[in-house]
Amino acid sequence: MIKIQNLNKIYNENKQNQFHALKDINLKVKKGELLILKGVSGSGKSTLLSIIAVLSKPTNGKLLVNDEQVSRLPDFHTSLFRTNHIGFIPQAFNLFESLDVQNNVQIPLIPLNLTQEQINKKVNIAMNLANIQHKHNQTVNLLSGGEKQRCAIARALVNNPELILCDEPTANLDKQNSVKFLEIIKQLNKLGKTIVIATHDSIFDNLDIAHTLVHMDDGMIIA
Amino acid sequence: MHNILFSNNVIVFLFIETLILILQIIAFVLSLNIVKLWDFKSNTSTQYKLEKRAYLIILIIFFSIVVKIFMLPYFAFSLDKLSTIVPGAMCAAGVITANDYGQYLLVLKIMILFFMGIWLILNALDIKAKDYPYFKIKTWLFILIFLFILFEYALDILYYTNISTDSLVTCCSTIYGVVQGTGLPFNLDIMKLLILFYLLYILIIVVNIQKLAFLSAVTNSFYMYIAYYCVVYFFGTYIYELPTHKCPFCMLQSDYYYIGYFIWASLFLGVFFGISSFVLELILKQNQNKLYIYSNIFISLFVFICSFYVLRYYFINGVFL
Amino acid sequence: MLNKSFFNFLTLNLISSKQKHIAIFLLSIIIIFILSSVLFISKSLQYTMMQTLDQQADFTIQKLRAGKVVDTPQDWADEFITIDGVTASNARVYGQYWYEPDEKYFTIVGIDMFEPNIVKNLNNLIKDIDIKEFLSKPYMIVGSGVKEFLANYHYFKEYNFRTPSRSIQKVYIYDVLPKDINIVSNDTILMPIDLAKKILGIDEDKSTDITLSVPNKLERENIKIKLILKHFDSRIILKEDIQKAYENMFNYKGGLFLILYIVVLVTFILILYQRYNTISSSDKKHIGILRFLGWSIKDVLYLKVLENLIIAISAFVVGIILAYIYVFIFNAPFLSNIFFGFNNISNDVQYVPYIPFGLFFTLFFFFVVPFISAVLIPVWRVAIIDPLEAMR
């Protein structure tokens with residue numbers, strides 16, 4: 001499903017503080033696969049994730065999703081692609097603190113020309129999947145860490161994307177919530193979703209479901 | 001002259017034209033920059049920056065178009081209000097002919113809206129495509145529009161500063177002639193012109209349904225010419241309910257419920273969509289189906305409004321004028 | 001895109017970031033309020049003036065000597081009525097009486113109790129008077145401003161005018177003019193013609209000017225020529241010319257105000273630009289979130305432009321409503337003085353609620369277009385924020 005060929009990412013190219021974040025990455029991710037990107041901070045895994053999410057553009061190399069070169073699309077199309085195919089769960093959850101859960105979850109659906117009923121339906125399904133339905137009217141800043149996480153998950157799932165990307169998902173969670181998170185991931189994987197997780201948490205080291213482990217260091221894939 | 005320039009409407013109009021001009025200059029400078037360096041295939045951060053900058057240009061142009069669409073009827077409205085201080089004028093017709101610039105200015109404004117309409121359609125298609133195929137054409141079209149706008153601004157100022165409040169202007173009754181048949185296209189009389197009017201209308205509908213671009217453009221342009229005369233010399237008289245009152249501007253006044261704006265707008269839109277389908281097909285080498293439908297809708301609306309007034313008069317009074 | 005959820009989101013967003021917008025909102029209301037109030041007053045006054053002027057005679061003829069207006073011979077009126085097209089003629093007597101101690105003017109208007117006056121509203125005023133009683137002794141009818149003014153100086157029932165021939169003429173107050181025609185009649189005194197001539201020092205066979213009624217519009221140019229031919233030393237004033245002159249004056253004053261107001265607007269534009277150009281970090285974060293959730297630059301632009309439009313339009317509506325209440329219900333205290341000057345007797349003005357249709361559009365364009373123009377570039381800068389930057 002995802003093919004990365006000879007990808008490089010250089011920040012501040014040709015300037016004094018040039019930083020070569022990703023060096024000649026080659027990676028293939030199959031449909032329905034669960035991929036764990038392991039590496040310490042600064043190894044480039046977040047950068048790679050953001051490139052897969054089409055949030056930043058590579059300096060050179062190709063990113064093909066379903067055989068379409070998405071890295072070089074104009075903004076209108078990358079946004080459309082992101083809405084329809086990708087669910088992104090960032091490290092700091094990045095929710096609208098002053099809005100309630102339901103309003104947060106439906107944000108990705110707003111630019112699509114859906115009717116209110118369709119929106120409500122999708123939102124309810126997503127909230128149920130993430131197990132946050134019971135808090136749908138609660139303002140986000142009053143939620144606990146784990147609940148915020150689940151709100152972010154619901155938001156990522158609301159448009160039924162094929163690809164789910166998580167950036168250090170357990171970094172802000174305690175042990176109990178991390179385990180809960182793992183459960184949700186397993187469930188999603190069973191539903192056929194392709195999942196890529198960038199993490200350095202050891203909880204992902206010995207998983208009991210089929211997965212691929214990729215180590216990164218200093219911008220390169222090691223194993 | 002200074003009386004004109006102190007009219008509320010003129011001040012507001014010129015102020016807004018100035019604002020839009022300033023925005024357009026910004027967009028123009030950016031466009032020049034972008035069109036020089038644009039290369040969609042490259043991966044450099046400069047190109048990404050250019051793509052982002054292009055959005056500012058698009059935003060400015062969108063905003064300018066919306067404002068200019070409102071400014072055209074507002075322009076007609078300001079002229080109408082000036083008719084009370086320009087001696088001899090009883091409606092905008094007299095004010096427009098107060099100097100040589102007026103009619104050219106009006107035509108130029110309509111032309112600018114036309115080109116901006118084409119730019120809008122082009123832009124919508126450009127963004128939908130995956131590699132900005134029409135970017136350069138779009139930008140050159142904008143540069144052309146900008147030059148027109150510059151020229152329009154100069155004409156705006158020349159026009160308003162040259163309206164005299166001392167010398168008499170001719171009113172519509174003199175401009176548009178009281179004698180039927182003189183000044184009509186091809187020296188036809190009004191009956192034959194009307195037949196032509198309706199025949200052309202049917203032809204346009206057919207051509208549009210068949211999506212024949214070139215014919216559509218030709219018939220629509222011709223139609224605009226014929227329709228103008230029909231409205232002034234025939235349909236207008238039914239709006240004013242006076243066989244000698246022939247004027248394209250008086251119907252913009254409140255006495256007639258501002259119907260003039262609707263009539264001219266529907267005619268303009270119908271003709272615009274008809275002609276633009278041809279122009280776009282030239283540029284893009286592909287058919288734009290929706291445009292034909294819009295053309296039909298607006299031309300039909302136009303014919304409906306015009307015919308309505310004639311029929312209404314007949315039903316109320318039992319005779320034709 | 002423009003569905004219920006969008007507007008829901010837009011409104012929630014606006015409310016939660018209200019600190020950012022409240023200052024601009026209030027400033028906008030003030031700007032619109034002042035502008036609309038001035039224009040409302042101006043249009044209302046213009047309307048009232050035009051209504052009054054419409055009552056005036058079609059022609060006014062004055063005699064000139066050495067370029068100055070002098071008293072017009074009364075028999076000119078009889079001469080002019082013989083011209084074809086002239087249906088009525090009056091010899092008018094009026095003038096200003098200077099009250100030295102307070103440096104104020106009264107306008108004295110002489111009325112002929114027996115002949116119908118060309119000026120229609122004067123007729124209305126005097127039709128209820130008992131003529132016999134009114135002429136039994138020197139009586140006058142005063143405007144309400146005059147009455148108040150005289151009362152201040154303890155002249156309750158009569159007043160002693162000083163005539164140019166150095167005599168004193170006592171005149172009794174018969175009645176007070178109704179208040180609703182105040183602007184024109186506030187400092188007016190009506191009295192019989194002969195009395196007026198005495199106080200103003202006009203000879204018995206003279207009058208201030210002659211008015212003619214010429215109903216047929218198309219005749220007027222012709223008649224003007226005929227009048228000049230009869231007396232070369234006359235000045236002919238057509239009602240249309242007066243109307244045009246007043247319209248020009250209103251135009252001029254209104255226009256001058258608008259031009260000066262442009263300075264205010266330009267400053268406002270700069271303030272807006274400055275204010276919205278500073279993008280707070282929480283703003284950056286929010287936009288970043290929207291972008292990585294799949295909102296395109298176009299969608300964010302929509303959001304931000306609509307946000308600003310809502311602020312502009314709601315400020316506009318509130319400003320206009322406040323201005324309406326201020327001008328037409330409270331009769332615009334403070335602002336009225338700017339229009340009437342402080343020298344004339346203070347008016348108890350009642351503004352007629354007359355708002356010409358185009359005025360709303362004028363006000364709307366004049367405010368909203370600069371507002372949105374000012375925020376276009378800041379809005380764009382916000383929309384192109386790199387989502388990753390925002391998430392750091």
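Colleague: How many salt bridges does the rule find across the interface of chain A and chain B?

Modeller: The model is a predicted one, and across this interface the rule finds one salt bridge. The two side chains that meet in it are those of E68(A) and K130(B).

Colleague: What makes the meeting of E68(A) and K130(B) a salt bridge?

Modeller: The N to O separation is 2.7 Å. The rule asks for a side-chain nitrogen of Lys or Arg within 4 Å of a carboxyl oxygen of Asp or Glu, so the pair of E68(A) and K130(B) qualifies.

Colleague: Which helix gives the largest share of the side of chain A that touches chain B?

Modeller: Helix α2 of chain A, residues 75–85, gives that share, with three residues. By class, this side of chain A holds four nonpolar, three polar and four charged residues.

Colleague: What is the area buried between chain A and chain B?

Modeller: About 990 Å² is buried, and carbon and sulfur atoms give 51% of that area. On the chain A side, R72(A), P74(A) and H77(A) supply 52% of the area buried against chain B, more than any other three residues. In terms of contact, 11 residues of chain A meet 13 residues of chain B. The rule also finds four residue pairs in polar contact across this interface.

Colleague: Why is the pair R291(C) and D75(A) called a salt bridge, and where do its residues lie?

Modeller: The side chains meet at 3.0 Å, N to O. Because the cut-off is 4 Å, the pair R291(C) and D75(A) counts as a salt bridge. The pair crosses between chains, with R291(C) in helix α11 (residues 281–292) of chain C and D75(A) in helix α2 of chain A. Over all chains, the structure holds 25 salt bridges.

Colleague: How many salt bridges does the rule find across the interface of chain C and chain B?

Modeller: There the rule finds zero salt bridges, while four residue pairs are in polar contact. Helices α2 (18–54), α10 (239–277), α12 (297–329) and α14 (357–383) of chain C each supply at least two residues of the side touching chain B. That side divides into 22 nonpolar, seven polar and five charged residues.

Colleague: What is the area buried between chain C and chain B?

Modeller: The buried area is about 3000 Å², with carbon and sulfur atoms giving 79% of it. In chain C, the residues that lose the most area to chain B are F365(C), L376(C) and W380(C), together 20% of what that side buries. The contact takes 34 residues from chain C and 28 residues from chain B.

Colleague: Why is α2(C) called roughly antiparallel to α10(C)?

Modeller: The two axes come within 10 Å and cross at roughly 180°. Angles over 145 degrees count as roughly antiparallel, so α2(C) is roughly antiparallel to α10(C). The residues of this helix contact divide into 23 nonpolar, six polar and five charged.

Notes: Residues are numbered from 1 along each chain as its sequence is written. Chains are lettered from A and ligands numbered from 1 in the order in which they are written. This is a predicted model: local features need pLDDT of at least 70, side-chain atom pairs count only at pLDDT 80 or more; totals for chains, interfaces and linings use all residues. Side-chain values use heavy atoms; hydrogens and water are left out. Contact means heavy atoms within 4.5 Å. Buried area is the accessible area (1.4 Å probe) that two parts lose on being put together, summed over both. A polar contact is a pair of N or O atoms within 3.5 Å; within protein, one must be able to donate a hydrogen and the other to accept it, and residues adjacent in sequence count only if both atoms are side-chain atoms. Helices (H or I, at least four residues) and strands (E, at least two) are DSSP runs, numbered from the N terminus. Ala, Val, Leu, Ile, Met, Phe, Trp, Tyr, Cys and Pro count as nonpolar, Asp, Glu, Lys and Arg as charged, and the others, Gly among them, as polar. Axes are lines fitted to C-alpha atoms, for helices over the stretch in contact, and angles run from 0 to 180 degrees between N-to-C directions. Angles under 35 degrees count as roughly parallel, over 145 as roughly antiparallel, 65 to 115 as roughly perpendicular and the rest as oblique.
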